Amino acid sequence: MILFTRGSTSAVTRPARGLARQLLLLQVALVLFACAVAVTVAVVQARSDVRDQAGRRCLSIAEAVAGTGWVADQVSADQTNGASPTNTLQPYAADVLDRTGVDFITIMSPAGFRYTHPDPSQIGKHYLGTIAPALAGGSVVETYTGTLGPSVRAVVAIHAGADTGTNAHGTVVALVAVGVRVDALGPEIASRIGIIALVGGSLLVLALIGTALIGRRMNRQTHGLGADELGVMHTYYDAVLHSVREGLLLLDSSGRIRLINAEAIRLLALTGNPVNLVGRPLTELSLPGELVGALAGSEPLVDAVHLAGDRVLVVSALPARPRDRSRSVGRVITLRDHTELTELTSELGTARDLTEALQSQSHESANRLHAVITLVELGRAEEAIAFATRELRLAQELTDQVVRTIADPVLAAVLLGKAQVAAELGIDFRLTPDSTLDADALADAGLEPREVVTLLGNLIDNAFDAIGRAPRPGTGLVQVTLRRTDPEADEVFLEVSDNGPGLDPQDAEQAFRRGWSTKRDDGALHGHGIGLGLVGQVVRRHGGSVGVGSNADAGAVFTVTVGR
């Protein structure tokens with residue numbers, strides 16, 4: 001099969017980056033971006049946490065200083081004496097500064113003028129920062145750029161007349177600010193960033209390794225094909241799958257359907273669409289057991305004939321082996337419909353038998369004519385007349401019976417042809433006295449001429465085979481009965497019996513299955529090939545019944561009832 005599509009060559013043949021590689025690069029980019037964002041957020045959060053922690057520490061120290069009461073007393077006493085609070089507060093602030101490890105402790109007047117400062121030159125100058133919330137009875141925690149540079153600081157008020165440790169319910173006599181320079185927080189921030197970077201780097205390495213493994217696996221599964229190549233391949237494969245006239249079925253190693261086209265669904269008389277059937281075990285599809293065994297088996301099949309419902313299928317099944325694997329991954333199965341061809345072949349076989357019978361009859365008639373002429377030439381006219389009339393009577397008896405009782409010409413031709421074949425085989429072929437069919441019987445039963453040939457021809461051939469493969473003493477006998485089940489009924493009753501070896505009771509139920517055979521060492525055979533399977537198929541198609549039994553001669557009796 002050759003596919004020509006516009007513009008498809010460049011899409012398939014040009015070098016393309018494999019889909020797995022494209023996805024790998026995309027995943028790597030996403031992982032790098034995600035890690036960068038995560039690390040950035042973590043760093044920002046770490047800085048914020050360190051500053052918040054420093055602010056809470058400064059606020060605790062400021063509240064402790066303001067809550068001692070000693071500072072308020074010193075400020076009030078110095079203001080009463082007209083002295084500067086710096087003389088007593090600067091040493092105190094320096095001592096607290098050394099013990100707490102902060103960068104500055106500034107005690108100032110309510111107006112914001114400093115009493116203390118790590119840099120003595122800044123004493124007496126105005127404080128740089130926010131103090132209004134502290135004057136109102138609250139506290140201030142902020143990051144502000146002052147004389148020592150950017151710092152995290154806390155400011156609270158010092159109240160006069162407050163209970164020791166409460167620092168409330170008094171007049172604001174001073175403010176205290178405690179702060180830590182931002183650059184002094186750098187080592188702690190750096191240590192946290194280092195941990196974050198280590199964790200982020202480890203996660204990045206693990207993510208890249210996982211991504212690489214996933215990409216490698218995907219590359220094996222896609223065989224290095226790119227997205228365009230996979231898309232083109234899927235389009236072409238789907239077109240081929242639904243364009244071929246044969247049914248196509250792909251099973252995995254466990255017998256589950258992995259691919260099926262619409263033609264296979266039609267031939268197997270399945271319900272549902274291909275998507276719904278994919279993944280289901282073949283054993284769940286209500287197919288004949290022989291067909292399931294052949295499809296799911298391990299043996300290769302080449303043009304094997306099987307029955308599936310009303311159809312005769314030619315099945316081929318081979319192991320599915322990819323080019324880069326030596327082990328089979330399943331089975332590729334093709335199905336072809338040979339129902340009509342098989343029926344035509346059966347009809348053709350019957351016509352061939354009739355032709356050969358007529359040829360044989362013509363040859364025998366010539367021989368008899370020569371014999372009669374010779375007897376006349378010898379002057380034995382009476383013996384010649386007796387010989388001619390006896391042979392004519394024997395040959396004409398069955399013909400007259402068939403013509404008199406069977407009105408359908410196709411059915412009559414089949415019977416006469418089989419009678420001649422029986423004569424050549426030395427088999428006594430009889431039409432039972434109760435056999436009679438009017439011209440409309442087959443049409444009333446809904447039978448086509450081709451179906452009649454299939455039914456009667458295969459049943460009679462089966463009887464011939466049974467007698468021929470297991471001859472018994474005496475002449476073989478085949479009897480045929482054809483009639484309506486009831487004079488007013490639209491049903492036809494067919495019965496073919498023989499005096500062959502018969503059937504075992506346990507084989508009777510299997511007689512109309514494809515390939516069923518009772519062939520033994522003695523050569524007995526009923527139903528070889530697909531003949532009886534076709535009979536059962538026609539009967540099921542019309543909703544009729546078929547049965548197998550034995551007669552008084554221990555031979556087989558096949559009965560068929562078909563009608564509307």
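A crossing of two helices is left-handed if the near helix is turned anticlockwise from the far one by less than a right angle, and right-handed if clockwise. By this convention, helix 13 passes helix 15 in a right-handed crossing. The model is predicted, with local features requiring pLDDT of at least 70 and side-chain atom pairs pLDDT 80 or more, while totals for chains, interfaces and linings use all residues. Residues are numbered from 1 along each chain as its sequence is written, and side-chain values use heavy atoms, without hydrogens or water.

The protein chain holds 17 helices and 14 strands. Helices (H or I, at least four residues) and strands (E, at least two) are DSSP runs, numbered from the N terminus. Of its 564 residues, 39% are buried. Buried means under 20% relative accessible area, exposed over 50%, and partly exposed in between (1.4 Å probe, protein chains only). A contact places heavy atoms within 4.5 Å. Among contacts in the protein chain with a separation of 6 or more, 60% join residues 24 or more positions apart.

Two packed helices are described by the angle between their axes and the distance between the axes. Axes are lines fitted to C-alpha atoms, for helices over the stretch in contact, and angles run from 0 to 180 degrees between N-to-C directions. Helix 13 (residues 409–425) and helix 15 (residues 449–469) pack at about 15 degrees, with axes 10 Å apart. The pair is therefore roughly parallel. Angles under 35 degrees count as roughly parallel, over 145 as roughly antiparallel, 65 to 115 as roughly perpendicular and the rest as oblique. Helix 13 contributes V410, L411, V414, L415, K418, V421, A422 and L425 to the contact. Their partners in helix 15 include V452, L456, I460 and F464.

Helix 15 also meets helix 17 (residues 531–541). Their axes come within 9 Å and cross at roughly 145 degrees. This crossing is left-handed. The contact involves E451, T454, L455, N458, L459 and N462 of helix 15. From helix 17 come G531, L532, L534, V535, V538, V539 and R541.

Helix 3 (residues 70–81) has twelve residues and should span 16 Å at 1.5 Å a residue; its end C-alpha atoms are 16 Å apart, which agrees. The expected span is 1.5 Å times one less than the number of residues. V71, A72, Q74, V75 and D78 are its buried residues. They fall within an arc of 165 degrees, so they line one face of helix 3. The arc is that of the directions from the helix axis to the C-beta atoms. On the other side, D73, T80 and N81 are exposed. G82 follows helix 3 with a positive phi, near 75 degrees.

Helix 4 (residues 86–100) reaches 20 Å from its first C-alpha to its last, close to the 21 Å expected for 15 residues. Its residues T86, L89, A93, V96 and L97 are buried. Here the arc is 105 degrees, so the buried residues line one face of helix 4. The face turned away carries exposed N87, P91, D98 and R99. Just after helix 4, G101 has a positive phi of about 80 degrees. Helices 3 and 4 pack at about 160 degrees, with axes 10 Å apart. Helix 3 is therefore roughly antiparallel to helix 4. W70, V71, Q74, V75 and D78 of helix 3 meet T88, L89 and Y92 of helix 4.

S298 lies in the loop between helix 10 (289–296) and strand 7 (301–308). With 64% relative accessibility, S298 counts as exposed.
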